[in-house]
Amino acid sequence: MFRIFLFLFVFCYGCFEYEETILFRKMSSGTVEISYTVPLKKDSNESLIKFLPTSKEEILTSVKKKSNNNLLVRDFTFRELEKSETTDMYFKRKGKVSYKLDFEDPLHLEGVLIGTFSIKQKPRSLSVKRDFPNLTDNAILDSSAGEKKIISETSRLLKEGKIQFKVLFPKDSECSSNRGFIGLGNLVYQIPLQETLENPEAKTWEYKIRFF
């Protein structure tokens with residue numbers, strides 16, 4: 001539980017960046033593109049956030065460990081940010097990671113993406129549910145005095161921090177969603193971290209795509 005709060009704390013201080021785009025080419029295949037920025041260890045390019053690694057090998061291991069899938073990792077890039085690109089007073093070194101996951105079955109994404117991802121398939125349609133749990137109450141109960149202080153600071157510092165999700169699909173498809181903005185062939189949803197921590201009504205995102 002606490003490692004999730006550490007993840008939020010690291011990014012909330014004006015430097016959060018996590019973007020995820022899922023492209024459904026058709027019901028049975030597509031690509032997920034993921035990019036994020038993480039703080040690095042002082043003497044190496046290893047990420048301080050264990051579940052957001054900076055090496056392709058670690059990402060492959062993590063993907064395969066989550067489920068019995070045939071996901072392919074490609075177009076992996078990593079670079080250390082220049083000093084001029086970050087103003088974080090706590091973490092001087094940061095790295096930016098991006099990569100793509102190709103899938104032949106969207107069920108293989110379950111257990112791989114952040115939060116929880118579950119999908120139901122029917123003839124000519126997909127229904128996706130993403131859950132982002134409210135963490136505040138449980139984390140405080142399970143945390144030490146020092147960790148509670150970090151949690152308190154997290155809530156105070158959260159301002160414009162957010163996670164951005166985008167879903168792309170054929171333009172002749174039909175999409176409905178309980179959250180976010182639906183355009184022609186796309187759905188965009190941004191989660192303010194403040195809501196993820198404090199608002200129990202903001203933790204579930206559901207959308208449905210009908211293919212014609």
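At 3% relative accessibility, Tyr 207 counts as buried (under 20% relative accessible area, with exposed over 50% and partly exposed in between, using a 1.4 Å probe and protein chains only). The model is predicted, so local features need pLDDT of at least 70 and side-chain atom pairs count only at pLDDT 80 or more, while totals for chains, interfaces and linings use all residues. Residues are numbered from 1 along each chain as its sequence is written, and side-chain values use heavy atoms, leaving out hydrogens and water.

Tyr 207 is in contact (heavy atoms within 4.5 Å) with residues including Phe 24, Phe 117, Val 128 and Leu 187, when residues up to four places away in sequence are not counted. Phe 24, Tyr 36 and Tyr 207 have the most contacts inside the largest nonpolar core, a set of 40 residues. Such a core consists of buried Ala, Val, Leu, Ile, Met, Phe, Trp, Tyr and Cys residues joined through side-chain atoms within 4.5 Å.

Next come the aromatic rings. The whole structure holds 6 aromatic pairs; rings of Phe, Tyr and Trp (its six-membered ring) pair if their centres lie within 6.5 Å, and planes under 30 degrees apart count as stacked, over 60 as edge-to-face and the rest as tilted. Tyr 18 and Tyr 36 are stacked, because their ring centres are 6.3 Å apart and their planes meet at 5°. Tyr 18 is buried at 4% relative accessible area, and Tyr 36 is buried at 1%. Trp 205 and Tyr 207 form a tilted pair, 5.0 Å centre to centre with 45° between the planes. Ring pairs also link Phe 165, Tyr 189, Trp 205 and Tyr 207 into a cluster.
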